[in-house]
Amino acid sequence: MSVVVIVDLPATRTGKDELVSWLQEALHDTRAYDGCRGASLCIDSDNAVMVTIVERWETLDHYRKYDAWRAETGFMERVGPLLGADPGERHLEELAE
């Protein structure tokens with residue numbers, strides 16, 4: 001059963017472009033990580049500062065290993081100053097493909 005992870009990153013107005021640019025590069029590593037089936041960067045058409053990452057993983061365990069690796073790389077320390085509020089994250093079990 002696949003897992004969909006949705007990460008909402010509410011950027012500051014002045015940090016949104018830098019955040020998007022940095023995430024576009026960072027997602028190359030995400031897509032190459034073991035167990036990742038895909039990752040998309042999205043912009044909320046109703047909220048000008050919301051940046052969302054939608055990822056598909058083979059299992060939640062694969063994602064958790066990836067997330068621990070991202071923490072080790074200092075991901076949030078780099079992203080944090082570009083955020084206007086705390087990020088949100090959801091894990092969804094995909095019932096059918």
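Q: Before we start, what is a pocket here?
A: A pocket is an open set of points on a 1 Å grid over the protein atoms alone, with protein on both sides within 12 Å along at least five of seven lines. One thing to keep in mind is that this is a predicted model.

Q: Thanks! How much space lies in the largest pocket?
A: The largest pocket holds about 240 Å³ of space.

Q: And which residues lie nearest its centre?
A: Those are Y63, D67, F75, M76 and E89, out of 18 residues that line the largest pocket. Two or more lining residues come from each of β1 (3-10), α1 (16-32), β3 (50-57), α2 (60-72), α3 (75-79) and β4 (88-93).

Q: Which element gives the largest share of that lining?
A: That would be α2, with five residues.

Q: How does the lining divide into nonpolar, polar and charged?
A: There are 12 nonpolar residues, two polar ones and four charged ones in the lining of the largest pocket.

Q: Switching to α1: how far apart are its end C-alpha atoms?
A: They are 25 Å apart. That agrees with expectation, because 17 residues at 1.5 Å a residue should span 24 Å.

Q: Where is the kink in α1 centred?
A: On A26, and the kink is about 30°. A26 is also one of the buried residues of α1.

Q: Which other residues of α1 are buried?
A: Besides A26, the buried residues of α1 are K16, L19, V20, W22, L23, L27 and T30.

Q: What covers the buried residues of α1?
A: The cover includes β1, β2 (36-43), β3, α2 and α3.

Q: While we're on α1, is E18 buried, partly exposed or exposed?
A: E18, which sits in helix α1, counts as partly exposed because its relative accessibility is 49%, and exposed would need over 50%. Its C-alpha lies 23 Å from that of Y33, 15 residues away in sequence.

Q: New topic: where is V3, and is it buried or exposed?
A: V3 is in strand β1. At 7% relative accessibility, V3 is buried, since the cut-off for that is under 20%.

Q: What does V3 touch, leaving out residues up to four places away in sequence?
A: V3 touches E55, R56, W57, E58, T59, L60 and L92. As for A68, 65 residues along the chain from V3, the two C-alpha atoms are separated by 17 Å.

Q: E58 is on that list. Where is it?
A: E58 is in the loop between β3 and α2. Its relative accessible area is 35%, so E58 is partly exposed.

Q: And what is E58 in contact with, beyond four places in sequence?
A: E58 is in contact with M1, S2, V3, G35 and R37. From E58 to R70, 12 residues apart in sequence, the C-alpha to C-alpha distance is 18 Å.

Methods:
Residues numbered from 1 in each chain as written. Predicted model: local features only at pLDDT ≥ 70, side-chain atom pairs only at ≥ 80, totals over all residues. Heavy atoms only, no water. 1 Å grid on protein atoms, 1.4 Å probe; cavity = no way out; pocket = protein on both sides within 12 Å on 5 of 7 lines; lining within 4 Å. Points joined across faces, edges and corners; volume = space filled by probe spheres on them. Helix = DSSP H or I, 4+ residues; strand = E, 2+ residues; numbered from the N terminus. Nonpolar A, V, L, I, M, F, W, Y, C, P; charged D, E, K, R; others polar. Expected span 1.5 Å × (residues − 1). Bend = angle between axes of the 7 residues up to and from the residue. Buried < 20%, exposed > 50% of the residue type's maximum accessible area, 1.4 Å probe, protein only. Contact = heavy atoms within 4.5 Å.
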